[in-house]
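Please look at the sequence and the model shown here before reading on.

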Amino acid sequence: MADIAVIGSGDSVLLGRAAGLDVYFETDGHRACRLIDRLADEGTRVIFVTEPVFELAAEAVQKYRSRPFPAIIPIPDSKGPTGAAMANIRANVEKAIGADILF
Amino acid sequence: MAISYKPTRMEMSRLKKRLSTASRGHKLMKDKRDETVRRFITYVRRNKELRQRVEELMSEAMASFVVAKATMTPAAVEEALCCPAASAKVQVESGKVLSTEVPRLTYVPSAESGLPYGVLGTSHELDSAVEKFSQLMPLLIELAEVEKTCNLLADEIEKTRRRVNALEYVMIPQLKDAIHDISMKLDENERGNLTRLMKTKDMLKSKDEG
């Protein structure tokens, strides 16, 4: 088991394998949630998730949000960034400061 | 819910102690909130910067990969990448930002340097895509660290803000009200006593004179 895993559709994450990451092909939200749970149990530290799957697996993302590990981080897939990750940062700013003043 | 109390001196001194603790706690919490927000802003700026760079570089790597796939058959690409390189590791430490536990991650690249496949049957474009992705890894790990820290700090700020507000607008006014009520009641008792004494004295005096 590697410390770093990557979850997403085939083309987007295949490159990760060459960099020594654990690659999981998954595009279904519910199954991705279960996969994230399993990886968290196994002690994976960082899980990169492509943006479309990140949005679908919101339940698991929310669950591990307030724990130091695993860090679930959205990455753009082969179709380019969808803006979900930036929206996430914006939501953080709004939550912490009360207004979106940095963007 | 208002604080329940008995109008006694003991109770008043107890409430006064609670009020001073609450006021000190409120000041500390307020300072903590301000400092966490300050640090959060530096982290979130870095987060935004990193995110933009990662998105840029990732798109480049993906574009190279698309070209590589066009020059090779899907089976060849699959074959080249089917045997994973030795797994990459992250060195994990835990740091603290104002008593919030945050992860500190350091990327440890896989022991085998170079490409995880042979040169036969693979194209130069695939090499460049893999290389670009590998170069992206330290940045991705840094992004993971910063983004997680931002998430945790945002949660912590929200929590601290609630506590500050609870102390400022609920706890401290309630305690002040309670102390005020008790002191009023004690004063009233005192006045009652005094009047009674004066009255008794008057009665005794008139009895003596009579």
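This is a predicted model: local features need pLDDT of at least 70, side-chain atom pairs count only at pLDDT 80 or more; totals for chains, interfaces and linings use all residues.

Residues are numbered from 1 along each chain as its sequence is written, while chains are lettered from A and ligands numbered from 1 in the order in which they are written.

Chain B has 3 helices and 2 strands, where helices (H or I, at least four residues) and strands (E, at least two) are DSSP runs numbered from the N terminus. Read from the N terminus, their order is α-α-β-β-α. The radius of gyration of chain B, taken over C-alpha atoms, is 35 Å, well over the 17 Å given for 210 residues by the globule rule, so chain B is more spread out than a compact globule. That rule is 2.2 Å times the number of residues to the power 0.38. The C-alpha trace of chain B spans about 130 × 25 × 25 Å along its principal axes.

Turning to chain A, 34 of its residues are in contact with 48 residues of chain B; contact means that the C-beta atoms of two residues, placed from the backbone, lie within 7 Å. On the chain B side, the elements giving two or more residues are α1 (9–71), β1 (89–97), β2 (100–108) and α3 (124–209). The largest share, 19 residues, comes from α3(B).
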